[in-house]
Amino acid sequence: MTNTPPPPPPKRKYPTLPTTTQIKSKLTQMGIDIYLPTTPKETLLAQAMGDFSHYVLQDEPYLCQHILEKDSSGTVGELQGGSDDYSIYRVSIPDDDDDDGSDDDCCAAVTLLQAFHSSPQGKRYTNTLTYSKLKQY
C-alpha cells in the first residue's frame, strides 16, 4: 500500500451564457436592472468602466489585490464567498461633503484608478473615467 495523496477536488464549473442577449435575460430574471448607454458620451464611459474592470480582474489582479489589502482608509472590506485562491472585495467610494477637489490620497478607489490610468489601456480614459464620475455612478 502506497501513501499517495488523494487527487485534488475537481474545479467548480460555473454556468456560462454564450450571448449578450442571454446574459441580459438572466440578469433581468434575477431582478437586476440593466441601464444601457443612450448617448455617445455614456457609451464611452461604459467602455471605460468595462476596460477598468478588465484591468482590475484580468490584467493586474495581484497589483490590485495588493492595493485593496494595503488600504487603510476603511473603504475596503473582504466579503464572504471567495475561495482559497480568490477573495471578493467591496470598495466604497466616499462621498465627502467637504471635498476640496483633491482626490490624490483619498482611498483604494483612487489608487486603483491611478494605476489604471498609468497603464497602456487606461491612458486614453484619463479624462473620461475620473474619480468624480465614479462617485456619480
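Helix α4 is mostly covered, with eight of its ten residues buried; buried means under 20% relative accessible area, exposed means over 50%, and partly exposed lies in between, for a 1.4 Å probe and protein chains only. The buried residues of α4 are A108, A109, V110, L112, L113, A115, F116 and H117. Their cover includes α2, α3, β1, β2 and α5. Helices (H or I, at least four residues) and strands (E, at least two) are DSSP runs, numbered from the N terminus. This is a predicted model, in which local features need pLDDT of at least 70, side-chain atom pairs count only at pLDDT 80 or more, and totals for chains, interfaces and linings use all residues. Residues are numbered from 1 along each chain as its sequence is written, and side-chain values use heavy atoms, with hydrogens and water left out.

The protein has five helices and two strands, and from the N terminus on its elements run α-α-α-β-β-α-α. Of its 137 residues, 20% are buried. Among contacts with a separation of 6 or more, 47% join residues 24 or more positions apart; contact means heavy atoms within 4.5 Å.

One partner of α4 is helix α2. Two packed helices are described by the angle between their axes and the distance between the axes. The axes of α2 (residues 40-59) and α4 (residues 108-117) come within 10 Å and cross at roughly 95°. That makes α2 roughly perpendicular to α4. Axes here are lines fitted to C-alpha atoms, for helices over the stretch in contact, and angles run from 0 to 180 degrees between N-to-C directions. Angles under 35 degrees count as roughly parallel, over 145 as roughly antiparallel, 65 to 115 as roughly perpendicular and the rest as oblique. On the α2 side A48, D51, F52 and Y55 take part, and they meet L112, L113, A115 and F116 in α4. These residues divide into seven nonpolar, no polar and one charged. Ala, Val, Leu, Ile, Met, Phe, Trp, Tyr, Cys and Pro count as nonpolar, Asp, Glu, Lys and Arg as charged, and the others, Gly among them, as polar.

Helix α2 also meets α3. The axes of α2 and α3 come within 6 Å and cross at roughly 95°, which makes α2 roughly perpendicular to α3. Y55, V56, L57, Q58 and D59 of α2 and P61, L63 and C64 of α3 make the contact. By class, it has six nonpolar, one polar and one charged residues.

Two single residues show links between elements. V76 is in strand β1 (residues 76-79). V76 and A108 are 32 residues apart in sequence and 7.2 Å apart in space, C-alpha to C-alpha. Leaving out residues up to four places away in sequence, V76 touches L68, D71, Y89, R90, V91 and A108. T128 lies in the loop between α4 and α5 (131-136). T128 is buried, with a relative accessible area of 13%. Beyond four places in sequence, T128 touches L44, L45, A48 and K133.

The largest pocket is lined by 21 residues, of which V56, L57, L68, S87 and Y89 lie nearest its centre. The elements giving two or more residues to this lining are α2, α3 (61-70), β2 (88-91) and α4. The lining divides into 15 nonpolar, four polar and two charged residues. On a 1 Å grid over the protein atoms alone, a pocket is an open set of points where a 1.4 Å probe fits, with protein on both sides within 12 Å along at least five of seven lines, and lining residues have an atom within 4 Å of a point.
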